[in-house]
Amino acid sequence: MCARFLHHPQHAPCSRRVLLWLCRRESVGSLGNLLHELAGPAGTVLEVGAGNGRLAHFLNQAPGGPVAGRVVATDLFAGEGFIGSFGGLGLGSDGQAAGAVGVGDGFDGGLIAAPERLSQAEAVSRYEPRVVVSSWMPEEDWTAIWRAHPSVQAYVLLGEADGGQSGRPWPTWGLRPSEVFGVREEELTPPPWLVGEEPPADEKSPPFEVDGWRRHTAGEPLIAESTRWMVGQGDVDHRLGNSTQAVVFTRT
């Protein structure tokens with residue numbers, strides 16, 4: 001089982017790390033299938049903001065994995081212990097140990113596949129990936145940089161979508177902040193760094209559509225299978241639908 005924690009300088013006042021999401025061994029397998037579908041048989045998959053590199057490690061080391069050996073992990077804070085942690089034992093769908101898919105000393109195990117220390121923009125320029133994947137991108141938008149690079153044909157965002165604690169409503173997800181943080185938030189005004197600016201009323205198309213990209217529906221089989229095994233901090237009952245999910249954008 002992988003565990004994703006948040007521990008970053010931006011959140012230094014927090015004395016305890018926040019558990020963002022867990023993923024079972026099945027999640028790594030289904031994500032590998034999705035990335036293979038998007039990257040093709042030889043395309044490079046780049047993980048940015050990779051924390052200590054464990055997700056990329058699992059994807060690369062999975063026996064017979066469809067993207068084994070093709071996932072490059074990068075993180076601007078690599079080695080500083082600030083961002084994230086994927087670790088622990090591989091658990092099957094029954095919750096029982098199903099063979100180790102990684103090594104470590106608990107959920108906050110150390111670096112087992114140290115990411116290269118690069119910003120996400122530097123990483124895309126250096127590796128010219130076909131697919132970019134980001135787990136719990138910070139509350140800012142990195143996607144415009146990826147879309148502008150000609151090698152990138154798809155990107156996958158893992159985490160809370162549509163105004164959650166990942167990305168920005170309009171530039172990342174194509175939703176106006178007024179739609180996301182409306183009446184239901186009257187008593188609790190969200191912080192401006194999470195909301196972002198409201199686009200002009202005459203701006204009808206979100207940035208990704210203007211750039212010639214489309215957002216895929218959550219019901220597409222490979223996307224749905226990847227989301228199925230993701231359990232995040234905002235998920236209460238899987239039957240009600242997960243806020244933690246895999247979201248795919250592709251160049252049209």
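Which residues does V156 touch, not counting residues up to four places away in sequence? V156 touches L34, L35, L38, V131, V132, V133, S134, A246, V247 and V248, where contact means heavy atoms within 4.5 Å.

This is a predicted model, in which local features need pLDDT of at least 70 and side-chain atom pairs count only at pLDDT 80 or more, while totals for chains, interfaces and linings use all residues. Residues are numbered from 1 along each chain as its sequence is written, and side-chain values use heavy atoms, with hydrogens and water left out.

## Overall architecture

The protein chain contains nine helices and nine strands. Helices (H or I, at least four residues) and strands (E, at least two) are DSSP runs, numbered from the N terminus. Of its 252 residues, 49% count as buried; buried means under 20% relative accessible area, exposed over 50%, and partly exposed in between (1.4 Å probe, protein chains only). Among contacts between residues at least 6 apart in sequence, 69% join residues at least 24 apart.

## The sheet

Six strands form an open sheet of mixed pairing, in the order β4-β3-β5-β6-β9-β7. Strands β4 (71-73) and β7 (213-215) stand at the edges with a single partner strand each, so one side of each is left without a neighbour in the sheet. From one strand to the next, the twist averages 20°. Two strands count as paired if DSSP finds at least two bridges between them.

| Strand pair | Direction | Bridges | Example of facing residues |
|---|---|---|---|
| β3 (45-48) and β4 | parallel | three | V45 and V71 |
| β6 and β9 | antiparallel | seven | A154 and T250 |
| β7 and β9 | antiparallel | three | R214 and T250 |

Strand β9 is mostly covered, with seven of its eight residues buried.

Helix α3 lies across β3, β4 and β5 and runs at about 165° to β3. Such angles run from 0 to 180 degrees between N-to-C directions, and axes are lines fitted to C-alpha atoms, for helices over the stretch in contact.

## Packing of α1 against α2

Two packed helices are described by the angle between their axes and the distance between the axes. Helix α1 (residues 25-39) and helix α2 (residues 54-61) pack at an angle of about 75°, with their axes 10 Å apart. The two helices are therefore roughly perpendicular to each other. Under the convention used, angles under 35 degrees count as roughly parallel, over 145 as roughly antiparallel, 65 to 115 as roughly perpendicular and the rest as oblique.

On the α1 side, V28, L31, G32 and L35 meet L55, F58 and L59 of α2. By class, this contact has six nonpolar, one polar and no charged residues. Here Ala, Val, Leu, Ile, Met, Phe, Trp, Tyr, Cys and Pro count as nonpolar, Asp, Glu, Lys and Arg as charged, and the others, Gly among them, as polar.

## Nonpolar cores

In soluble globular proteins, nonpolar side chains tend to be buried together. A nonpolar core is a set of buried Ala, Val, Leu, Ile, Met, Phe, Trp, Tyr and Cys residues joined through side-chain atoms within 4.5 Å. The largest has 24 residues, and those with the most contacts inside it are L35, V45, L59, V131, V156 and L158. Two or more residues come from each of α1, α2, β4, β5, β6 (154-160) and β9 (244-251). Helix α1 gives the most to this core, with six residues. A second, separate core of 18 residues includes L46, L118, Y155 and W173.

## Individual residues

S134 belongs to strand β5 and is buried, with a relative accessible area of 1%. Not counting residues up to four places away in sequence, S134 touches V48, W142, W146, V156, L157 and L158. S134 and Q120 are 14 residues apart in sequence and 9.5 Å apart in space, C-alpha to C-alpha.

For E128 the value is about 45°, and E128 is placed in the loop between α3 (120-127) and β5 (131-135). For W136 the phi is about 50°. W136 is found in the loop between β5 and α4 (143-148), and W136 is buried, with a relative accessible area of 7%.
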